[in-house]
Amino acid sequence: MLIRFRNSLPRTFAIAILLVTTPLLSFSQAPIVKSTIKTFSLGTGASGAASIAAGDLNGDGLLDLITANASTNNISVLLGDGKGDFGPAKLFAVGGQPKSIALADFNRDGKLDVVTANYSSGTISVLFGNGDGTFQPQVTLTAGTQTISVATGDMNNDGIPDIVVTNTQSENTDTFLSNGDGTFQPAKQFTFYNGYAGMTKIALGDMNQDGILDVVGIYGYGQGFQVWTGNGDGTFVDWSNSSSYGTIAYPQGLALGDFSGDGKLDVATSLYEDNLIGVSVNDGNGNFSHAFGSPAPPAPILLTVADLNGDGKLDEISTGLTSPVIDVALGQGNRYFTPSVRYNVGTPPTAAVVGNFNNDKRPDIAFTTANAVGVIFR
């Protein structure tokens, strides 16, 4: 694979142009697999599911599902029975147009709580879990303008999960440190400027192996991604000489993982205009390679990554912008993925999460479409 660079963008931005010099298996050659796919209603009064998470919401040791419904300003909770079925959805109100959802125990009571990023209201909603699959009324915290992506993790190493959220229009990212009693400290706000709109999706991981969580964000309306390393107090510093690592215009989807087998977290995004999933390899010293591309559906959106075949290597799960399919490509442990199978789910998926929802020791794929939740049992 030959990589050429064009350095015509401001502030040291670079675009990686990937020229494939050897034939690659395309997803058009991946077999469509007939698997058991079940769908479940979001509940009466819920639509526009944009994000999904899995966790034990009622303390029975079984995975449940929860979705953020952007069209109806609520979340849907579906309790799993461990046999592949889910009970009727329960709805809980959140802020305007929730685009992203995450789970954590913010008040240390042993029960999972939920947080959503609310795009139109510029807020986050925190709902504390009762431990039975229900939630208390939302607590609203102001974030910015066009609040779009939320992640949870211990940002100050006090053993309590915190909230990090990003805002597209106001170009700021906020850290809400949890006090562990159901309250949060005032937001620590940072502007991660790269010459485009703000980050459209974030993920947390220890990119420099110092034991402190860092923030990685993509610019879905611009170029590439940036890495900001944590100081251990909820603040961040721009890593690697203020560079943004261009993958291709309008990256969609983001995942962190060791895709190269060297023990360091790399960055995977979808190369929207090249129909590739790209992996930028982390050298651990603040430098990332430009993307190594693997074939993907047209206008790809990277949904999530997980080890689906138990070989110790991360695989990728993706879809296309208007494709009614979910594609799985198996990780080779060398920065590349090989197309494996394609699942026809009937309607374009919007998000996905991996878990064992029927206790058969094989990971399944739960996904959302605009108006339903589906599970692919593998």
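Over which ring does the charged end of Arg335 sit? In this predicted model, where local features need pLDDT of at least 70, side-chain atom pairs count only at pLDDT 80 or more and totals for chains, interfaces and linings use all residues, that ring belongs to Phe292, with its centre 4.0 Å from the charged end of Arg335. Side-chain values rest on heavy atoms, with hydrogens and water left out, and residues are numbered from 1 along each chain as its sequence is written. Lys99 does something along these lines too: its charged end sits over the ring of Tyr119, 5.2 Å from the centre. (Sitting over a ring takes NZ of Lys or CZ of Arg within 6 Å of the ring centre and within 35 degrees of the ring normal.)

On to the ring pairs. The structure holds 8 aromatic pairs, where rings of Phe, Tyr and Trp (its six-membered ring) pair if their centres lie within 6.5 Å, and planes under 30 degrees apart count as stacked, over 60 as edge-to-face and the rest as tilted. Phe190 and Phe236 make an edge-to-face pair, because their planes are at 80°, with ring centres 5.6 Å apart. Phe190 belongs to strand S15 (residues 188–191) and Phe236 to strand S19 (residues 236–238), so to speak distant parts of the chain, 46 residues apart; strands (E, at least two residues) are DSSP runs numbered from the N terminus. Phe190 counts as buried at 16% relative accessibility, and Phe236 does at 7%; buried means under 20% relative accessible area (1.4 Å probe, protein chains only).

Phe225 and Phe288 are edge-to-face as well, at 85° and 5.7 Å between centres. Elsewhere, ring pairs link Phe40, Phe86 and Phe357 into a cluster.

Methods
Helix = DSSP H or I, 4+ residues; strand = E, 2+ residues; numbered from the N terminus. Buried < 20%, exposed > 50% of the residue type's maximum accessible area, 1.4 Å probe, protein only.
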